[in-house]
Amino acid sequence: ELYLFTGNALLLQKNKEIANQYFNKVILNKKMPSLNSIAESYYLIEDYKKAELIYKQLHDENPNDFTYITRLASCLTKNKKIEEGEQMIQKLESLREDFQFGKIDYLIAQYHATSGHKEKMYTFLLRSISQGNHYSISLFQNDPHFVDYLETEEFKSILNYWH
């Protein structure tokens, strides 16, 4: 988990090469890190084919896990299986309930960031924060999905939503 955290921090500093070294340590760890950690590492080094295989397995084992659905959707889309990726996002939409405090909208914003749909990403981030999602050590400005957008006025506006 520390390797993942460090790799994420390095991605936020736009130091992808060294970040990938940390993600590869997770993948190659002989002590067998969790399957989720391996999938996330492949995802973050943008090996979407390997990540897709693992996220499919994780999704099959836990079909209503929001993160697995979103990551699988992103992998499918990156692997040119756009329709399947959109179907996964529709599945995620169907899991909405009261008092989720913007979690689903946040994950959909990550999906749109990965897919290159900037305007949709901003829309879902704004929905997420307005529903009560909060800034944390791994969300919003601390999430590598949004590193390319941190300096935009739209993103800064979302970060100042509660001020």
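## Close-ups of a predicted helical model

**View 1. What comes after helix 3.** Helix 3 is followed by E46, and the phi of E46 is positive, near 65 degrees. Keep in mind that this is a predicted model, here and in every view below. For context, most residues other than glycine have a negative phi.

View 2. Helix 3 spans residues 35-44, and eight of its ten residues are buried, so the rest of the structure largely encloses it. Which residues of helix 3 are the buried ones? They are S37, I38, A39, E40, S41, Y42, Y43 and L44. The cover over these buried residues includes helix 1, helix 2, helix 4 (48-61), helix 5 and helix 7.

**View 3. Helix 1 against helix 2.** Two packed helices are described by the angle between their axes and the distance between the axes. For helix 1 (residues 2-12) and helix 2 (residues 16-28), the axes come within 8 Å and cross at roughly 165 degrees. Since angles over 145 degrees count as roughly antiparallel, that makes helix 1 roughly antiparallel to helix 2. As for handedness, this crossing is left-handed. On the helix 1 side, the residues in the contact are Y3, L4, T6, G7, N8, L10 and L11, and they meet K16, I18, A19, Y22, F23, K25 and V26 of helix 2. Sorted by class, the residues of this contact come out as nine nonpolar, three polar and two charged.

**View 4. K14, in the loop joining that pair.** K14 sits in the loop between helix 1 and helix 2. It isn't a glycine, yet K14 has a positive phi of about 60 degrees. Is K14 buried or exposed? With a relative accessible area of 60%, K14 is exposed.

**View 5. Helix 5 alongside helix 7.** Here the axes of helix 5 (residues 66-78) and helix 7 come within 9 Å and cross at roughly 15 degrees. Helix 5 and helix 7 are therefore roughly parallel to each other, and helix 5 passes helix 7 in a right-handed crossing. Helix 5 brings F66, T67, T70, R71, A73, S74, T77 and K78 to the contact, while helix 7 brings K103, I104, L107, Q110, Y111, T114 and S115. The class tally for this contact is five nonpolar, seven polar and three charged residues.

**View 6. Q110, zoomed in.** Q110 belongs to helix 7, which covers residues 103-115. Its relative accessibility is 5%, so Q110 counts as buried. Which residues does Q110 touch, leaving aside its neighbours within four places in sequence? The contacts of Q110 are R71, D143, H145 and F146. With D143 there's also a polar contact: the side chains of Q110 and D143 are joined at 2.6 Å.

**View 7. F99, out in another loop.** F99 is placed in the loop between helix 6 (82-94) and helix 7. What is the phi of F99? It is positive, about 65 degrees, although F99 is not a glycine. At 69% relative accessibility, F99 counts as exposed.

Technical notes
Residues are numbered from 1 along each chain as its sequence is written. This is a predicted model: local features need pLDDT of at least 70, side-chain atom pairs count only at pLDDT 80 or more; totals for chains, interfaces and linings use all residues. Side-chain values use heavy atoms; hydrogens and water are left out. Axes are lines fitted to C-alpha atoms, for helices over the stretch in contact, and angles run from 0 to 180 degrees between N-to-C directions. Helices (H or I, at least four residues) and strands (E, at least two) are DSSP runs, numbered from the N terminus. Angles under 35 degrees count as roughly parallel, over 145 as roughly antiparallel, 65 to 115 as roughly perpendicular and the rest as oblique. A crossing is left-handed if the near helix is turned anticlockwise from the far one by less than a right angle, and right-handed if clockwise. Contact means heavy atoms within 4.5 Å. Ala, Val, Leu, Ile, Met, Phe, Trp, Tyr, Cys and Pro count as nonpolar, Asp, Glu, Lys and Arg as charged, and the others, Gly among them, as polar. Buried means under 20% relative accessible area, exposed over 50%, partly exposed in between (1.4 Å probe, protein chains only). A polar contact is a pair of N or O atoms within 3.5 Å; within protein, one must be able to donate a hydrogen and the other to accept it, and residues adjacent in sequence count only if both atoms are side-chain atoms.
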